[in-house]
Amino acid sequence: MPQAPDTITRNLWHVVAATDELRIGLVETTLLLDTPLALTRGIDGEPVVWLRSDEQNGDEIDAETVLERLPVRTAYGYTWTCLGTAPAALFPIPEFAEPDRVNMSCGSIAIHVSAPRAVENFLDMGHFPYVHTDILGSEPHTEVKEYDVEVSEERDEVLATKCRFMQPRAAKSATTAMEVEYVYRVPHPFCSVLYKSCPEDESRRDVIGIFLQPMTEERCRAHLLQSMIDSTSTITDLRRFQQTIFGQDKPILENQYPKKLPLDPRSETPIRADKSAIAYRRWLSQKGITYGVIPVAS
């Protein structure tokens with residue numbers, strides 16, 4: 001029997017679909033926090049989400065007939081919903097609104113691991129040379145240099161800055177190896193946003209987001225966002241580049257055990273490179289998140 005999600009998790013906005021991929025008048029089914037959902041878009045193009053009963057994927061439906069709806073908002077190309085009391089706002093990504101950026105969803109990929117495990121993997125630079133060889137890292141450049149981490153009470157997020165790593169191909173537009181500077185934000189227990197050096201414009205940063213949909217405590221869907229400064233690559237090429245990276249991460253993630261993220265830092269041996277992961281675990285624990293994690297023993 002699935003355990004009920006904690007109150008904090010239940011009252012969050014959760015991503016459930018790429019909005020443009022929801023077809024008008026057709027049902028899409030999904031799972032959120034062990035709860036079956038149905039989704040569609042009305043003739044006005046606006047998404048509708050409700051608790052699924054007997055609807056099947058691909059069924060035809062008139063969205064106007066759906067009377068008992070869950071709260072919905074669209075942001076960053078995705079549809080979000082809430083099973084509890086929806087917050088007034090979602091975390092900001094102001095760069096998404098810049099008119100010269102190429103914004104795109106890069107797929108929604110199922111992973112047999114908890115959402116917090118997937119966020120932690122996203123924060124880890126140490127695996128770059130071994131998992132993303134000759135793209136995001138290569139030997140002998142394996143050192144994770146000292147970086148700064150803070151947990152901001154004002155913004156309610158984990159922030160890692162001054163993260164630097166030598167990368168053979170930092171982005172689709174990169175033509176030479178470069179030392180890339182990263183900034184990681186975790187503004188939501190199941191979402192992270194990465195800012196990294198832009199090969200095309202040294203004064204700006206490319207933005208990559210991973211929004212995790214916690215389907216069960218040990219399964220999630222990763223919804224990927226790119227907001228890029230790139231005047232040469234096609235959207236197809238940009239998507240393929242990001243999907244290649246995530247395709248390399250998926251088997252590593254799914255081989256992790258336990259599937260849920262242990263919040264006690266003593267349960268897995270930390271090293272200097274894990275500073276952001278340690279801060280993330282502590283932040284989840286302080287917030288009272290119990291869904292998809294193994295809480296610290298009291």
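How many helices and strands does the protein have? I counted from the DSSP runs, numbered from the N terminus (helices are H or I of at least four residues, strands E of at least two), and the protein has five helices and 15 strands.

I noted that this is a predicted model, in which local features need pLDDT of at least 70 and side-chain atom pairs count only at pLDDT 80 or more, while totals for chains, interfaces and linings use all residues. Residues are numbered from 1 along each chain as its sequence is written, and side-chain values use heavy atoms, with hydrogens and water left out.

**Whole chain.** I looked up burial, where buried means under 20% relative accessible area, exposed over 50% and partly exposed in between (1.4 Å probe, protein chains only), and found that buried residues make up 51% of the 298 residues. For contacts (heavy atoms within 4.5 Å), I recorded that 61% of those between residues at least 6 apart in sequence join residues at least 24 apart.

**Ala115.** I found Ala115 in helix α2, which covers residues 115-123, and it is buried, with a relative accessible area of 2%. Beyond its neighbours within four places in sequence, Ala115 is in contact with Phe190, Leu212, Pro214 and Cys220. The C-alpha atoms of Ala115 and Phe190 are separated by 5.9 Å, although the two residues stand 75 apart along the chain.

**Glu46.** I then turned to Glu46, which lies in the loop between β3 (35-41) and β4 (47-51) and is partly exposed, at a relative accessible area of 45%.
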